[in-house]
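Please walk me through this structure in plain terms. I would like an explanation that goes from one part to the next.

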Amino acid sequence: MNDSATLDESRIRSAGAEPHADAPRARAAERLAGGEFSTVGDVTVPDPIFSCRHVNVYYGEKHAIRDVSIDIARQEVLAMIGPSGCGKSTFLRCLNRMNDTIPSARVTGSILLDGRDIYDRKQDVVQLRARVGMVFQKPNPFPKSIYENVAYGPRIHGLAADRVELDEIVHTSLQRAGLWDEVKDRLSQPATSLSGGQQQRLCIARTIAVNPEVILMDEPFSALDPVTREDMQDLASTMLADRAVLLVTHDPAEACHMADRIYVLSGRPASLNLVATLALPKPRDPLSTPVLPHLRALQNALREAHPR
């Protein structure tokens with residue numbers, strides 16, 4: 001367990017509210033101190049970028065996620081898969097505090113980014129979301145030009161000293177997202193004029209333009225056609241190899257294609273179980289001989305996890 005997960009950093013938090021009373025916090029602290037985990041499988045990794053301990057999420061009285069503990073390594077793709085509505089996206093949104101926008105949401109436990117509590121009152125949420133970027137299920141380009149979609153983040157975070165530097169960030173980000181050659185002559189056109197696959201690549205370019213350390217991907221390719229989807233999986237595996245990625249997906253083949261570790265989230269409230277660790281080069285063919293047993297194990301785990 002990360003030694004920086006001190007007892008004081010396990011607290012109950014509510015969007016817009018003060019930490020709750022000491023009794024639940026003390027119970028969480030005792031579990032942290034004892035190193036007891038409900039998550040099945042390996043929890044810790046050396047020098048994690050994210051360290052989550054005994055995370056619970058509630059929407060009002062509804063207990064959505066139960067006692068999740070997991071480390072996320074640097075330069076690792078960790079995939080989370082499970083039945084619809086089991087809480088995958090809910091957990092993802094805990095890591096950049098998107099749940100803060102839901103009045104009834106309440107998060108307990110400890111979530112540390114580089115050893116610091118992201119729910120600390122002093123945490124600047126805007127800066128947190130610059131460090132922890134997010135790509136959503138459906139492309140969500142801003143109602144701006146292609147250029148301005150990518151330039152927006154670097155501009156508001158002061159990452160470019162002048163227009164020349166900003167142009168270079170936009171060019172590099174679009175190039176890394178595999179989109180530059182397709183849009184270089186129409187950067188002033190509306191982003192909404194792009195196809196669905198192009199819009200999703202634009203959203204990825206917009207995310208990496210601020211150089212986040214972690215990227216959260218919430219079923220990012222599910223709305224794409226099969227050919228574009230596989231191309232995007234290959235592109236993302238290469239493009240994001242230098243940072244931590246948490247991928248939420250419904251597709252076992254996609255998880256095997258891209259991820260280093262794969263967990264199944266299931267139950268009511270949901271808990272986490274490690275199903276596969278793949279120490280193989282990426283991207284991978286899920287039907288290849290080394291990967292196929294992992295794919296079958298994951299499919300079996302999903303069948304068992306699916307509510308009857």
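In this predicted model, Cys52 is buried, with a relative accessible area of 0%. The cysteine sulfur closest to that of Cys52 belongs to Cys94, and the two sulfurs are 8.3 Å apart. A disulfide needs its two sulfur atoms within 2.5 Å, so the sulfur of Cys52 is too far from that of Cys94 for a bond. The structure as a whole holds zero disulfides.

Another cysteine, Cys203, is also buried, at 4% relative accessibility. Cys203 is one of the buried residues of helix 7, and that helix is the next stop.

Helix 7 runs over residues 196-208 and has 13 residues. From its first C-alpha to its last, helix 7 reaches 19 Å, which is close to the 18 Å expected at 1.5 Å a residue. Helix 7 is mostly covered, with twelve of its 13 residues buried. Among the buried residues are Gly197, Leu202, Ile204, Ala205 and Ile208. The buried set also includes Gln198, Gln199 and Gln200, as well as Arg201, Arg206 and Thr207. What lies over these buried residues? The cover includes two strands, strand 7 (132-135) and strand 8. It also includes helix 4 (146-156), helix 5 (163-176), helix 6 (180-183) and helix 8.

Glu219 has a phi near 45 degrees, a positive value in a residue other than glycine. Is Glu219 buried or exposed? At 11% relative accessibility, Glu219 counts as buried, because buried means under 20% relative accessible area.

A positive phi is also found at Gln75, where the angle is near 60 degrees; this residue, too, is not a glycine. Gln75 sits in the loop between strand 3 (62-72) and strand 4 (77-81). Its relative accessibility is 54%, so Gln75 counts as exposed. The cut-off for exposed is over 50%.

The last stop is a peptide bond. Which form does the bond from Lys282 to Pro283 take, cis or trans? The bond is cis, with omega near -5 degrees. Pro283 lies in a loop, with strand 11 (271-277) on one side and helix 10 (292-305) on the other.

Methods
Residues numbered from 1 in each chain as written. Predicted model: local features only at pLDDT ≥ 70, side-chain atom pairs only at ≥ 80, totals over all residues. Heavy atoms only, no water. Buried < 20%, exposed > 50% of the residue type's maximum accessible area, 1.4 Å probe, protein only. Helix = DSSP H or I, 4+ residues; strand = E, 2+ residues; numbered from the N terminus. Expected span 1.5 Å × (residues − 1). Contact = heavy atoms within 4.5 Å.
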